[in-house]
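Student: I would like a close look at the aromatic rings here. Please take me through them step by step.

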Amino acid sequence: MELNDANLQTLTEYLRKTLSPDPAVRRPAEKFLESVEGTQNYPILLLTVLEKSQEDVIRVCSAVTFKNYIKRNWRIVEDEPNKISDPDRTAIKANIVNLMLTSPEQIQKQLSDAISIIGREDFPQKWPDLLTEMVNRFQSGDFHIINGILRTAHSLFKRYRHEFKSNELWSEIKLVLDTFAQPLTELFKATIDLCQTHATDINALKVLFSSLTLISKLFYSLNFQDLPEFFEDNMETWMTNFHNLLTLDNKLLQTDDEEEAGLLELLKSQICDNAALYAQKYDEEFQPYLPRFVTAIWNLLVTTGQEVKYDLLVSNAIQFLASVCERPHYKHLFEDQNVLTSICEKVIVPNMEFRSADEEAFEDNSEEYIIRDLEGSDIDTRRRAACDLVRGLCKFFEGPVTGIFSGYVNSMLAEYAKNPGVNWKHKDAAIYLVTSLASKAQTQKHGITQANELVNLSEFFVNHILIDLKSPNVNEFPVLKADAIKYVMTFRSQLPKEQLLEAVPLLVSHLQAESIVQHTYAAHALERLFTMRGANNSTLITPTEMAPFTEQLLNHLFKALAIPGSSENEYIMKAIMRSFSLLQDAIVPYIPTLIGQLTHKLLLVSKNPSKPHFNHYLFESLCLSIRVTCKANPDTVSSFEEALFPVFTEILQNDVQEFVPYVFQVMSLLLEIHSNSIPSSYMALFPYLLQPILWERTGNIPPLVRLLQAYLEKGAATIASTAADKIPGLLGVFQKLIASKANDHQGFYLLNSIVEHMPPDSITQYRKQIFILLFQRLQSSKTTKYVKSFLVFINLYSVKYGAIALQEIFDSIQPKMFGMVVEKIVIPEVQKVSGQVEKKICAVGITKILTECPAMMDTEYTKLWAPLLQALIGLFELPEDDSIPDDEHFIDIEDTPGYQTAFSQLAFAGKKEHDPIGDAVNNPKILLAQSLHKLSTACPGRVPSMLSTSLPAEALQYLQGYLQAATVQLV
Amino acid sequence: MPAENMSDKRMSKFKNKGKEPTKMRDRRIAECVELRKAQRVESILKRRNISSLGDEEPLSPEFNTDNEQVISATIQEIVASVNGDCPEMQRQGCQAARKLLSRERNPPLKEIVEAGLLTRFVEFLGRNDDPTLQFEAAWSLTNVASGTSWHTQQVVEHGAVPAFIALLASPMLNISEQAVWALGNIAGDGPSYRDALIECGVIPALLARLTPDAPVGYLRNLTWTLSNLCRNKNPFPRFSAVQQMLPSIIQLLHHSDKSVLSDACWAVSYLTDGPNERIDVVIKTGILPRLVELLGFEELSVVTPALRSIGNIVSGSDLQTQAAIDAGVLSALPQLMRHPKSSVQKEAAWAVSNIAAGPCQQIQQLITCGLLAPLVDLLRNGDFKTQREAVWAVTNYTSGGTVDQVVHLVKCGALEAILNLLQVKDTKTVLVILDAINNIFLAAEKLGEVDKLCLLVEEVGGLDRIEFLQNHENNTVYRAAQALIEKYFSEDGEDQCLTTEATDTNFVFGASEVQKRFDF
């Protein structure tokens, strides 16, 4: 591509077309440019258009196109062709800096970005003169140019702030320091001098202050990895000037904008960062300067206003103080009572105040307000910084700080008392102050777990919190009400139970408040209180204690869902779920009404599921309604089915992916309640459940397996008689599942149910295939999880079909197979089996193999008899796994495994553990003793001799114990 | 990625940590590119003799000025006197040169060299007939050699080395001492001159002067010069030379003078700053108990090199570390970790980090000897460099310690302390901390107490900090933080193997493959 007018003209036209709003014009132009960008001279043509075009839009368009071109093509990837020719590369590097500096700002920015992309690849080795070229421009005296250089330098050097130390990196920094540090320092001094000269010229000052901010950013990057010798030697110059700049004010530079930070704020904020860097990393060298900075930053805080534009500066400044005051050797800077008082009064208290911006968020953007305030996503707010400072100061001065704040809290409360209507924000600040002072450790689950002992939380509750909770007008001072509710929630673990009980009905009444924040907090507080544990691991607040308020609680919770803005409020729905779970039987009378409301809600949200938490708790609440009601009267299950199936059908038909796994779980719960047979409505759905497409979604697998298990438990006979043609499909699901390492255990759940419940004849023809598949998987990828499930299954098979059947089917697949499995899998691995039921199945299954399988006595398998018995005794005598207590009520939904993945497990659809052996065997040890006794009487003398020759003494001793307990003797 | 390499590199500095046993370690970071000023605590490489003698006549006013003209005039006079034949003039000229070279500020080293005086000065070293001249010439050359490498090179290339070695034997103590000093400066220049001196037999000549009646001042210089002969790597001084010097250095380590002790300790620190074979040579002398004793001294100038030596030794093999432990180093470390100087705290933490990289028996000894409390203190209150070493100690400890040991460390408050450090402005340290957190979680997994640990991490504000790191500019850090969050604070995914045929309505049941023989 020649560098000539015709080509320039063509390129200009294509660039113009890329700006067209009409895709039919734009797309082909973009395609064309992409197709020619590999041609030599293309970038040079772009730069020429950028330089020479008379039209600004074309110039900018060319700059953007150039930058994107560089971004896509500059990096040379190993084993891939070089996408830009070497002469083009050289020409670009030779011209770009100059071009950038002489371009208007909009273009300068694009070119500066391009330079840093090139620099990242080529600097310093392949672009050795870049730095000197840049430094030389410092002499130009033209701050438009200088700022261009500084901006470019910043984009080149800022990676020093986050990359790992390496010789390569440090060599580069050293090189930069050698050429750049001295001129930068000179520029810094000269710029400051110019600020004096032009102190009254606002336009000049603006440019100069941008330079100073950029210089300060460069300082941060260059000093980040380690303290360079040059900057150590010139610390005086830099720090003195930084300090002066921090204390500087210039009326001209103050902006009217309330939101956007001005130049002065940006500069000071960066200087705070620089000081914090030195204080943290180069403490020893920085020590002489530090007290000055502490004073300056604190004065800065005292004189800075409440506007949002100062937020970054203030939070940086406070964080600086917070990090310094925790360090033992700076303790003295703060320990004077006057200093502490002044920091508390002038820095902490003002920054805890509720500002108009907070007020707006409280009213108009409650969702974000709640997330920030409740869930702590407030990392860089003033309040958070002020809290951190309180915590920092408490490290050494907890007593004095608490004392000082108590004074403030009292005076602010007194102010409030004088005129609540006007001074309510004082009380808000007082509560915030108490909270930040008292909180030493906190989690979402338990609220405050460690409190400052110097703060009397209970007294404060009685004197200042209760009064707002009790206020007859729930809609007055919503912020204070929200504060009071939050106080109860935050300190729930610290307050005595009487006070919590006193608060409960008050919280219930606040559910009616119009303010979203307020009723949300009320719901959340109730929900948290209901999860607190009392004595004996039961709930702290009992259903009996709740009895007087039950109706009102349920009533208000459901009404709150009707308040505008809260129709899908997850906190309210969670509170509903938790209330159901707490109240249990007490909700039964209300369910007929409530189930209609819940179903209606479900229908609405299923049109467009958008709040996953809300939806989850909605399903949990449905499950609880069913469980609690049907526990009292199982016959009511059909009324639930009537209410729910129409909605469920719609969800399944429309394939509402988010809800399908939930529907399967609720259906399982319902089906499991049926006592004898399976209703035909379920059977109609059976073929649908076997469709591969459903199983492709991992989130469906666990609930579908569970549902199929319920089908097998209730309807195995029906399936065998009316849907035998579906059995291969059912086994196909099993096969699909065991092929996956992630889902194999689900496959075994299904297989176990099939073996346990299906009439034996209906599966006879498939048995051998099943085992072959299991062996194939065992051979190809054996995992502990798989082996455990496998062992449980073969022993269940032995229990169900007998040990002989097991041995015969193994040996029919391959000679000696049974012995190999016993030797290589059962004996060495059986101790890994966990779970009481699983262990029991294995114990009974192995007992049968030992005592009811002639091959074990009379073939070469005999040598395995004693080792297998020994393994069984080991299984008995291993310390029992602690089973998880049955207290689902306390489960935090976020903690349940599976949540947040596609499978959303419902805690309250929970399945009772199923024991396929049940009461038939109460004590497997006794069964073993009795079975051995039976065996020994069948072939007298053999058992004792095998025991005495092959069983270790310790195992023998245990066995004697079992025999004694069973009162049998071996013969 | 260079980032990961660096982490590995530091990792490989710890024994037992993912490195080939044959690979030689470079122990100190000092070999990397440095941005900082040279360490102030290190002993000096070269020294100029600026001490004024008692008989010093007051310097004439023009001698005190920095005026270049005066200097060049003086140098011309010196050249004239020195090149002349009159012994008295030679002495005077030489003395004038020595005085110029001994000025506190801006001694004209280069000018003296360029005036061509060195040939004559070296020649004067051989003038046994004129001890004063010998002395003045030796002093002048000492000071020239104290300059930059270029200056030292000039002195050596004028043939001063054999002359100085010969002078060591001078019956005049002050002349011999000056020769010791000059040789020290030459040895301090670097490995090549050091080895050149050793080739010329400097060691036996020096050791011959190490007698019980040698005055303390003389011994100080001698010890310093010996230490410079032990100094520098790439290459190290050859083994035979080390073997020659070691007995005398050990002897000096028992001297009562602090300055002698200090340089003798520095010598040991240089000798131990190398591969395990080098460390072994030192350990075999049985010096460890004395080194440990020196750790308890008050003088920083003794403690610093003694601690450096111990630090080097415990970065050696497990056996070498055990030897240091058996010598009692663990009872000396706690007070050094609480030393008022942060540089000592840092070195002590470094030593602990290396011991923590050992087998769990040695970790147990850290616990038994009460090192965890001061370690946690350093994590909380140390200066940045100390905190960084302490963090490494925690990470090493948690990756090699038993579950019980890790639990113990957490109970001592280390977890909270490192979580607080997640906000440090040093990317590598942040990554190392994330590593430690991960190790602690692995221990919790074994105990089935992940939930408890999650709560603890959240309680002390650690979860917020880890979450915040998910926005970190550095990819490795961001990924490590994300991995922790995903693994312990939320849920994880799954994977697949074999496949099953499917139609629209069903999966097809049945083993598809040809039968293979099963063998488990």
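Tutor: Here is a tour of the aromatic rings and their partners.
This is a predicted model, where local features need pLDDT of at least 70, side-chain atom pairs count only at pLDDT 80 or more, and totals for chains, interfaces and linings use all residues. Residues are numbered from 1 along each chain as its sequence is written, chains are lettered from A and ligands numbered from 1 in the order in which they are written, and side-chain values use heavy atoms, without hydrogens and water.

Start with the rule. Rings of Phe, Tyr and Trp (its six-membered ring) pair if their centres lie within 6.5 Å; planes under 30 degrees apart count as stacked, over 60 as edge-to-face, and the rest as tilted. Over all chains, this gives 51 aromatic pairs.

Take Phe659(A) and Tyr662(A). Their centres are 6.4 Å apart, with 65° between the planes, and the pair is edge-to-face. Both Phe659(A) and Tyr662(A) are buried (under 20% relative accessible area with a 1.4 Å probe, protein chains only; exposed is over 50%, partly exposed in between).

Now Phe771(A) and Phe810(A). The centres lie 5.3 Å apart and the planes meet at 65°, so this pair is edge-to-face. Phe771(A) is in helix α39 (residues 767-780) of chain A and Phe810(A) in helix α41 (residues 803-813) of chain A, so the pair ties together parts 39 residues apart in sequence. Helices are DSSP runs (H or I, at least four residues), numbered from the N terminus. Phe771(A) counts as buried, at 1% relative accessibility. Phe810(A) is buried too, at 1%.

Rings also gather in groups. One aromatic cluster includes Phe188(A), Trp238(A), Tyr282(A) and Phe293(A).

Methods. Helices (H or I, at least four residues) and strands (E, at least two) are DSSP runs, numbered from the N terminus.
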